[in-house]
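Hi,

Here is the model I said I'd pass on to you.

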Amino acid sequence: MSKFLPKLMTATALAATLAIPAFAEGFGLGRPALPEEITAWNLDISPNGDGLPVGSGSVEDGEMIFSENCAVCHGEFAEGVDNWPKLAGGDGTLADKDPLKTVGSYWPYLSTVYDYVRRSMPFGNAQTVSDDDVYAITAYILYSNYIVEDDFVLSNENFLDVEMPNADGFIVDDRPSSEYTIFTEENACYENCKDNVEITKRATVLDVTPDEAGTDQAAAEPVAEAAPVEVAVAEEAPVEAPTDVVSAAFDADLAAKGETVFKKCKACHQTGEGATNKTGPVLNGVFMAKVAHVDGFKYSNDMLGAHEAGAVWDEAHLAEFLAKPKSVYAKTKMTFAGLKKDSEIAAVIEYLKSVSQ
Amino acid sequence: MSDTQKDISPSRRAFLRGAAATGVGLAAGSAAAQGTPDPLITEKQDWAMTTGAGVDETPYGLPIKYEGDVIRRNVPWLTADPISSINFTPIHALDGTITPQGCAFERHHSGAIELKKEDYRLMINGLVDQPLVFTYADLERFPRENRTFFLECAANTGMEWAGAQLNGAQFTHGMIHNMEYSGVSLRTLLEEAGLSAAGDLSDKWVYVEGADASSNGRSIPMEKALDDVMVAFKANGEALRMEHGYPVRLVVPGWEGNMWVKWLRRIEVTAQAVEGREETSKYTDTLADGTSRKWTWVMDAKSVVTSPSPQSPIAHGTGPLVITGLVWSGRGAITGVDVSKDGGKTWEKARLAKPGEKMALTRFYLDTDWDGSEMLLQSRAHDDTGYVQPTKAQLREVRGENSVYHNNCIQTWHVKANGEAENVEVSS
């Protein structure tokens, strides 16, 4: 029996499971994976450093790279924006009522940070950061957690020297000994299991209205249930929407294609009724609006400058920006690299026209 | 009361419940009770006179519009963004055990992607004799199996640790679905690549990874990988839905849903667990003293009454009442379910619709004669390992109150005299 599998199977069954013919005959399906293909996909990094690329990055560079690529969700100091993950802080809170779990307070392995940032971040623009920049971002996250000093440079050479504060904070699943021995048939009661029963907590009380919410909420339930019927009716809305747009050049089919491409933008931008600023500003009415037109959104200084100068999101300006945002506004908070195809850019612009009032 | 109720057919009961749920009320029911002829019977109805939809109208059908409220729902405040988020299966409105794909809950970390079969590639690398690449067409040529399993997110019921929070079975227990999968055993694919290079298999791992931007990856011990894990491409007889990993996903029976990697693109045999984000910073369980359990893969036995429940109140008054729910165990087959109507003072055996199947949902019923009094309705699962589903107090005693995942506690619905129900917690 292996050391980490709690009684998954009986010993005999396990032995049978692991008995593999030395050279299975096989079906002759598939083809050999080429070295270049394995290199392209085999990116995972293990706690012992296996898989780490050669390279390095400093806290100093990391601060800038983090600010450009990560801060929009995770905050300038890795403290987190809105509901997005906080990456720093929470030291010593794990036994508290609401523990704050961050890279510093919780993550046991630094390899996990590098692995995750390199493969899965930035959100909506994954796998665009260079290996050295990932080292720099990782170094900056360590610095934000007071694990390293501001002159620290992280590399594949010193990677394993970094000590993660909660490295020893984990145990392997112990339910077989701590729970399965208690929650048993022998301990199950059927009659006179308790003297009296009282309601100690109600879902409706935790809700918005604490008093008499029980009846109100329950009475409101059928209404809530009926709401989706309206949603079904609203399915016809997209057909109606483009008719609101008074534009001679408007192409509804192209806008529909643009709506599909716009899925890439939805990670950060909302449109339509009830849209609010998220990671990026609401885009209703953006077409032909002044740059940085949404009140209450913290635009980059570049964009605010363009606003002052009277720049407008016309077709040409939008096209230029969507192709390569940072070439137009170097300091833009938008981490998206840009749309590669002209056809996609045209479609998205057409879609943005459709959400303009 | 029970005499007059006898002639009420199940379909009539369903009609009454449906009418009440949509706010139409019990007008038709009360008219019949007073002896007035039912116009639905005495008057010729449109549908009995004119023709309906032709066979060409709906090449692929959706449920009839009257079932428009049986849908997945999101709890927006749970997550920062709907693209990296979760929704919930409407279990309060379903029956049987198979979850239709169209309303089976979704959880994505970077959104559901559109990946064509033609563009699909699956790589096996690492400690294998020959690293391989398969196309979708290759996968279809391996011997296939059909097996039914539940998939439960480790966070199902996680919002209920601190107290009774969300008012509906869909929200408290809806991060679950149950489908019949068709696909190839992972063992077959690993053997095709050859495992002699891995040497002693007892301490080896299989790392699995998805093709989407989240690149979700998990480490699975080799024992499990060779035991019952499947590489599936069909569910409930048809192609997987985009949101469930089309064209190919992993099926890891009985283990937490995050391991069932969608859009599966790579399987790597490794000497150690990768300890990626989803197996360290997430899906680990912090205990009262701040220590955290890791590798808590298996989903323990659990059950919930799906009706009556807050979203499925009793709409028919006293008399025959079907209490029903779902029960499952990630460690084996369900052997029984107890139901309590008094908050756990006394328990009675419910009826399993079919004998429990390993790591699959089982439906239970308790056919009862409701006298209209309040109930504190609970259900309790038993599986074939001898495990009995614990109360929330029992779980808290072991784990404290800081856990999120793996909350398999007994759920309580307070059913009131008017038939409405509320999510509550009761004294132990």
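Why does the radius of gyration of chain B agree with that of a compact globule? The rule puts a compact globule of 428 residues near 22 Å, and chain B comes to 24 Å, so the two agree. (That radius is taken over C-alpha atoms, and the globule rule is 2.2 Å times the number of residues to the power 0.38.)

Some housekeeping: this is a predicted model, where local features need pLDDT of at least 70 and side-chain atom pairs count only at pLDDT 80 or more, while totals for chains, interfaces and linings use all residues. Residues are numbered from 1 along each chain as its sequence is written, and chains are lettered from A and ligands numbered from 1 in the order in which they are written.

More on chain B: its C-alpha atoms fill a box of roughly 80 × 60 × 40 Å along the principal axes. It has nine helices and 23 strands (DSSP runs numbered from the N terminus: H or I for helices, at least four residues; E for strands, at least two).

Now for where the chains meet. 87 residues of chain A are in contact with 90 residues of chain B (contact means C-beta atoms, placed from the backbone, within 7 Å). On chain A's side, helix 9 (residues 213–234) gives the most, with 10 residues.

Cheers

How values were computed:
Contact = placed C-beta atoms within 7 Å.
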